[in-house]
Amino acid sequence: RSMTTLDHQQLLAEIDEEVRRRRESGEIPADLERELDMVFARFAPVDALEADFEQVLTRAEQATFIDTIAPVESSRPVVPYFKRLVRKAIGWYLRYVAQQTSTFAHAITRALRLLGERVEKLEEASPAGLRHVPVDTTMPDADHWVPFVGHQLAGVTGRVVVTEVGDGRLLQHLVDAGIDAYGVDPREQASPLEIRVDEALAHLRALPDASVDGVVLAGCVDRLPAAALVHLAEHAMKAVAPGGAVVVVSADPRAWARRRPAVTVDLSPGRPLHAETWQRLLGGGEVVAGPAEPGGLQPVPKGHAVLNENLSRLNDALFGPTSYAVVARRPA
């Protein structure tokens, strides 16, 4: 088989199968693999450790000891004697420097290990470290909000950022309306539109101040942790020029929890904020309620006022708006 058609995955699988067969037959000693791993860990460069923090830190700890007994072997007959003489002459000085350097290196690596343990505990406790929920970039109630967002951005002459594009309907609608819009999405998509593969927060953070006329936040606002949403609002307002608009389209927190599987709700890194929270983060703005949940309870004809009032409260709790939009503008 030629090298151009070599299947690396199949080759690795065949090698693993051959090693497994020889290990079971006794042809390969039981401790040979362990010895090979130890040799590799000792002589392999740090770049070959595949960015494994534990292995890199272990290598650093092993390197904290500096051996001052330099080798004196040589193929020339006189050189070994000369090396021994030099080693004895400066050995006291090298030991003094090596002791201080080793102490400092040991303290640094110990501090790194303690820091790594703290970071690991934070990652285990933080919902942002979960990767069990697939990325959902879909805008809630897109049929309702696509024309609304287009109306809010009508007449904009500068660039407009849509994060995230989801199925691309909103971005296509803005482009068809003559708006200079481009999208940002964490997933690579085959689309004729200008869609940059990037995270919403990372992209907004990299934008210069007042460099766009509009920012649309959707999709990412329903799953990012609260701390990330705070920074998202801050950088969105910085990115828009004076008079520019930031439009947030988010699912209602209660409707979001009802419409998704329990596993998704429990393991999601974040969840939608209330509209009032976005108003606080954006420094104001107008809140527009989305369509209501279908199947609301009807008031009882000629019923008791208290009964109908309770039914109205149930409708607000169970059949309220499934989504909302917040439109904030940067002061001119």
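**Sheet, helices and salt bridges in a predicted model**

At 34% relative accessibility, Val97 counts as partly exposed, because its value falls between the limits for buried, under 20%, and exposed, over 50%. In this predicted model, Val97 is found in helix α4, which spans residues 79-125. Val97 also belongs to a nonpolar patch on the surface, together with Phe82, Val86, Ile90, Trp92, Tyr93, Leu94 and Tyr96. The accessible area of these residues together is about 820 Å².

Turning to the chain as a whole, the secondary structure comes to 12 helices and seven strands. Of the 332 residues, 32% count as buried. The accessible surface of the chain is about 21,200 Å², and carbon and sulfur atoms account for 59% of that area. Contacts across the sequence are also worth a look: among those between residues at least 6 apart, 67% join residues at least 24 apart.

Seven strands form an open sheet in the order β3-β2-β1-β4-β5-β7-β6, and their pairing is mixed. At the edges lie β3 (195-197) and β6 (286-289), each of which pairs on one side only. From one strand to the next, the twist averages 20 degrees. In general, strands of a sheet pair through backbone hydrogen bonds, in either a parallel or an antiparallel manner. Here, strand β5 (residues 240-251) and strand β7 (residues 323-329) pair in the antiparallel sense, with seven bridges between them. Within this pairing, Val247 stands opposite Val327 in β7.

Helices accompany the sheet. Helix α8 (residues 226-239) packs on the sheet and touches β4, β5 and β7. The direction of α8 makes about 145 degrees with that of β5. Helix α5 (residues 142-152) lies across β4 (212-218), β5, β6 and β7, and α5 runs at about 10 degrees to β7.

Helix α5 also takes part in the charged contacts. A search of the whole structure finds 12 salt bridges. One of them joins Asp143 and Arg169, whose closest N and O atoms are 2.4 Å apart. This pair links distant parts of the chain, with Asp143 in helix α5 and Arg169 in helix α6 (residues 169-176), 26 residues apart. Asp143 counts as exposed because its relative accessibility is 63%, whereas Arg169, with a relative accessible area of 38%, is partly exposed.

Asp180 pairs with Arg159, and the closest N and O atoms are 3.1 Å apart. Arg159 and Asp180 are linked with Glu194 and Arg196 in a network of salt bridges.

A further salt bridge involves Asp185 and Arg187, with closest N and O atoms 3.7 Å apart. Asp185 counts as buried because its relative accessibility is 0%. Arg187, at 38% relative accessibility, counts as partly exposed.

Key:
Residues numbered from 1 in each chain as written. Predicted model: local features only at pLDDT ≥ 70, side-chain atom pairs only at ≥ 80, totals over all residues. Heavy atoms only, no water. Patch = residues over 30% accessible without salt bridge, like charges linked within 9 Å, V, L, I, M, F, W, Y side chains within 5 Å. Areas by Shrake-Rupley, 256 points an atom, 1.4 Å probe, with all protein chains shown as cover. Salt bridge = Lys/Arg side-chain N within 4 Å of Asp/Glu carboxyl O. Helix = DSSP H or I, 4+ residues; strand = E, 2+ residues; numbered from the N terminus. Buried < 20%, exposed > 50% of the residue type's maximum accessible area, 1.4 Å probe, protein only. Contact = heavy atoms within 4.5 Å. Pairing = 2+ DSSP bridges. Axes fitted to C-alpha atoms, helices over the stretch in contact; angles between N-to-C directions.
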